[in-house]
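User: I have a structure to go through with you. Can we start with the surface charge and move on from there?

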Amino acid sequence: MKRIFTDCRVVTLDTDISQPDGYQVRENQMIATENGVITAVGENLPTAGHNLVSLQNKLVTPGLIDAHTHLVFAGDRSGEFEQRLQGVPYQQIALNGGGILSTVNATRNASLEELVKLAIPRAKALMRDGVTTIEIKSGYGLSVEHELKILRAAKTLKDLLDINVTTTLLGAHALPPEFKNDSNGYIELVCNEMIPAAAQEGLADAVDVFCEGIGFSPDQMMTVFEAAQRHGLHIKGHTEQLSNLGGSALAAKMGALSVDHIEYLTDEDVEALAENGTVATLLPGAFYFLRETQQPPVGQLRQHRVPMAIATDFNPGTSPFASLTLMMNMASTLFGLTPQENLYGVTRHAAQALGMGNKGQIAAGFDADFAVWDLTSPAQLSYQVGLAPLCARYLKGELAHDA
Ligand code: NIG
Ligand code: FE
């Protein structure tokens, strides 16, 4: 199927962020596609033999990519929100058996079907915000059976909804009660059973670890990453969120696609990211919701030309926000990112954070995943929140259905 989208005002993001062209609105453009892949972008493309679709001079960007979510879970943590407002710290709630483990209890008690049903409205909210690709992590099962159930639910979403889904096994998210005082024993289970099972069934594209005082040590993270790499899976980390343990630099040196949160990154850590081509994924929703004060080192990341991605981190404990454009606004207001950096962060750089070389730009050879907006400038995506400016999404050149 050959199709040409006409009357487009396009933001292609087809240049490195240091070059202005990729962020400039190009007027009166056509985008040619064949079998869902872009073949050309330009002003006057030959149209013979193509099906023509006018995008009516709307603003067209690559479909947004949410590169870090924990979308599949059961239960509710609004009670913890109330506790935190009364002064109980997030770490303390976790140490008292709440936090991640409270979501683990609810998620273990839910069936696959229930998990899918709960996740659908969350995914739809992201879709209404222009998202065409979403990463979904497990991490609220903490046993082989329940981690795989979460990953299967995530894969099911892809069959039920018009959205691309990539999955990440986050077995090393917290220590399950069965392994209390035996954290190395749990890491062995993750490496010897969970990762092989997920890899064998094709349920995970990547493996993640929560490297933190209330999570796992850098050594344990390394053990998990080695197992992931033996099974051909990408690696990425939740690192330097609440303290600095050196997890980000270690992950980068091992070839991680991204390190995420990273408020406590040092200058040397930033250099390690730059040297290894690791994306810095900023999660302003969690920073905001935990009322953190430690800023990620945005100036240093810029100076070392480390690509920055922005994601929702959608989860019940630290970021219950199903809006990627809200995160763009927060990335500007809380971290000082420019609207240009934000748009790169939810498209081109987000694709890089997921190892998706075929997404995140409007250029020949890339998947024809677009978001079409009733906006005049791309900066408006970071500037206003809640006005629902999305007109349509296209997935591999086909109009996506939302509802
Ligand atoms: O990305 N940091 C660890 N994991 C999640 C939070 C999980 C939770 O509190 O349920 C995060 O912030
Ligand atoms: Fe997270």
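User: Which residues form the negative surface patch?
Analyst: Asp267, Glu268, Glu271 and Glu275 form the patch. Keep in mind that this is a predicted model.

User: Where is Asp267 found?
Analyst: Asp267 is in helix H9, which covers residues 267-276.

User: Switching to the metal. What coordinates the iron ion (ligand 2)?
Analyst: The donors are NE2 of His68, His70 and His238 plus OD of Asp313, at 2.1 to 2.2 Å. Along the chain the donors of the iron ion (ligand 2) are spaced H-x1-H-x167-H-x74-D.

User: Which parts does the pair His70 and His238 tie together?
Analyst: His70 sits in the loop between strand E5 (64-66) and helix H1 (78-85), while His238 is in strand E9 (residues 234-239), so the pair links parts 168 residues apart in sequence.

User: Are those two buried or exposed?
Analyst: His70 is buried at 2% relative accessible area. His238 is buried too, at 3%.

User: Backbone next. What is phi of Asn181?
Analyst: Phi of Asn181 is near 70°, a positive value in a residue other than glycine. Asn181 lies in the loop between strand E7 (164-172) and helix H6 (183-200), and counts as exposed at 78% relative accessibility.

User: What about phi of Arg291?
Analyst: Arg291 has a positive phi of about 50° and is not a glycine. Arg291 is in the loop between helix H10 (284-289) and helix H11 (298-303), and at 64% relative accessibility counts as exposed.

How values were computed
Residues numbered from 1 in each chain as written. Chains lettered and ligands numbered in written order. Predicted model: local features only at pLDDT ≥ 70, side-chain atom pairs only at ≥ 80, totals over all residues. Heavy atoms only, no water. Donors = N, O, S within 2.8 Å, 3.2 Å for Na, K, Ca; no water. Helix = DSSP H or I, 4+ residues; strand = E, 2+ residues; numbered from the N terminus. Buried < 20%, exposed > 50% of the residue type's maximum accessible area, 1.4 Å probe, protein only. Patch = residues over 30% accessible without salt bridge, like charges linked within 9 Å, V, L, I, M, F, W, Y side chains within 5 Å. Areas by Shrake-Rupley, 256 points an atom, 1.4 Å probe, with all protein chains shown as cover. Salt bridge = Lys/Arg side-chain N within 4 Å of Asp/Glu carboxyl O. Lys, Arg positive; Asp, Glu negative; His and termini not counted. Charge placed at Lys NZ, Arg CZ, Asp CG, Glu CD.
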